[in-house]
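User: I would like to learn how to read a few features of a protein model. Please take them one at a time, with the general idea before the case.

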Amino acid sequence: VLARSLGVKQLIVVINKMDAINWDQPRFEEIREEVLRFASRPPVGFAADAVAVIPAASYTGGNLAAPEEDGAAGWYTGWR
């Protein structure tokens with residue numbers, strides 16, 4: 001709500017700890033849908049196409065600055 005009131009039009013959500021679940025795509029999709037459902041309903045109110053949901057593993061840096069090195073997240077091709 002605060003972000004929208006400050007004029008933020010896009011939102012980036014990082015799903016961390018993907019390495020802990022072996023970069024499980026179905027689990028990521030489940031979390032992604034829940035995040036989009038929350039972010040697009042009032043009072044938050046972001047358009048679903050304005051919310052980027054990105055899988056990552058911050059401890060190893062996986063999929064943050066560069067794609068995951070071992071290809072475990074090869075199924076993720078970007079947020080659009």
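Predicted model: local features only at pLDDT ≥ 70, side-chain atom pairs only at ≥ 80, totals over all residues.

User: Which residue of strand 2 is the bridge partner of Val14?

Analyst: Ile54 is the bridge partner of Val14 in strand 2.

User: What else does Ile54 touch, leaving aside neighbours within four places in sequence?

Analyst: Ile54 is in contact with Ile12, Val13, Val14, Ile15, Phe28, Asn63 and Tyr76. There is also a separation to read in two ways: Ile54 and Trp79 are 25 residues apart in sequence, but their C-alpha atoms are 6.9 Å apart in space.

User: How many residues of strand 2 are buried, and which way do they point?

Analyst: The cut-off for buried is under 20% relative accessible area. Five of the five residues of strand 2 are buried, so this strand is largely enclosed by the rest of the structure. Val51, Val53 and Pro55 point one way from strand 2, while Ala52 and Ile54 point the other way. Both sets are buried.

User: Which residues of the largest nonpolar core touch the most other members?

Analyst: The core has 16 residues, and those touching the most other members are Val13, Ile15, Phe28, Val51 and Val53. Helix 2 gives the most, with four residues.

User: Take Val53 as a case. What does Val53 touch, not counting residues up to four places away in sequence?

Analyst: The list for Val53 is Val13, Ile15, Phe28, Arg32, Val35, Leu36, Tyr76 and Trp79. Val13, Ile15 and Phe28 in that list are also among the core residues that touch the most other members.

User: Next, charged side chains. How many salt bridges does the structure hold?

Analyst: The general idea is that side chains of opposite charge can pair when their charged atoms come close. This structure holds two salt bridges. In one, Glu30 pairs with Arg27, and the closest N and O atoms are 2.8 Å apart. In the other, Glu33 pairs with Arg32, with the closest N and O atoms 2.7 Å apart.

User: Where do Glu30 and Arg27 sit in helix 2?

Analyst: Helix 2 covers residues 25-40, and because Glu30 and Arg27 are three residues apart in helix 2, they are separated by about one helical turn.

User: Where are Trp23 and Asn63, and are they buried or exposed?

Analyst: Trp23 is in the loop between strand 1 and helix 2. Trp23 is buried, with a relative accessible area of 6%. Asn63 lies in the segment after strand 2 and is also buried, at 13%. Leaving aside neighbours within four places in sequence, Asn63 is in contact with Trp23, Ile54, Pro55, Ala56, Glu68 and Tyr76.

User: Last, the surface. Which residues make a nonpolar surface patch?

Analyst: Leu2, Leu6 and Val8 make a nonpolar surface patch of about 310 Å². The relative accessible area of Val8 is 32%, so Val8 counts as partly exposed.

How values were computed
Residues numbered from 1 in each chain as written. Heavy atoms only, no water. Patch = residues over 30% accessible without salt bridge, like charges linked within 9 Å, V, L, I, M, F, W, Y side chains within 5 Å. Areas by Shrake-Rupley, 256 points an atom, 1.4 Å probe, with all protein chains shown as cover. Salt bridge = Lys/Arg side-chain N within 4 Å of Asp/Glu carboxyl O. Buried < 20%, exposed > 50% of the residue type's maximum accessible area, 1.4 Å probe, protein only. Helix = DSSP H or I, 4+ residues; strand = E, 2+ residues; numbered from the N terminus. Core = buried A, V, L, I, M, F, W, Y, C linked by side-chain atoms within 4.5 Å. Contact = heavy atoms within 4.5 Å. Pairing = 2+ DSSP bridges.
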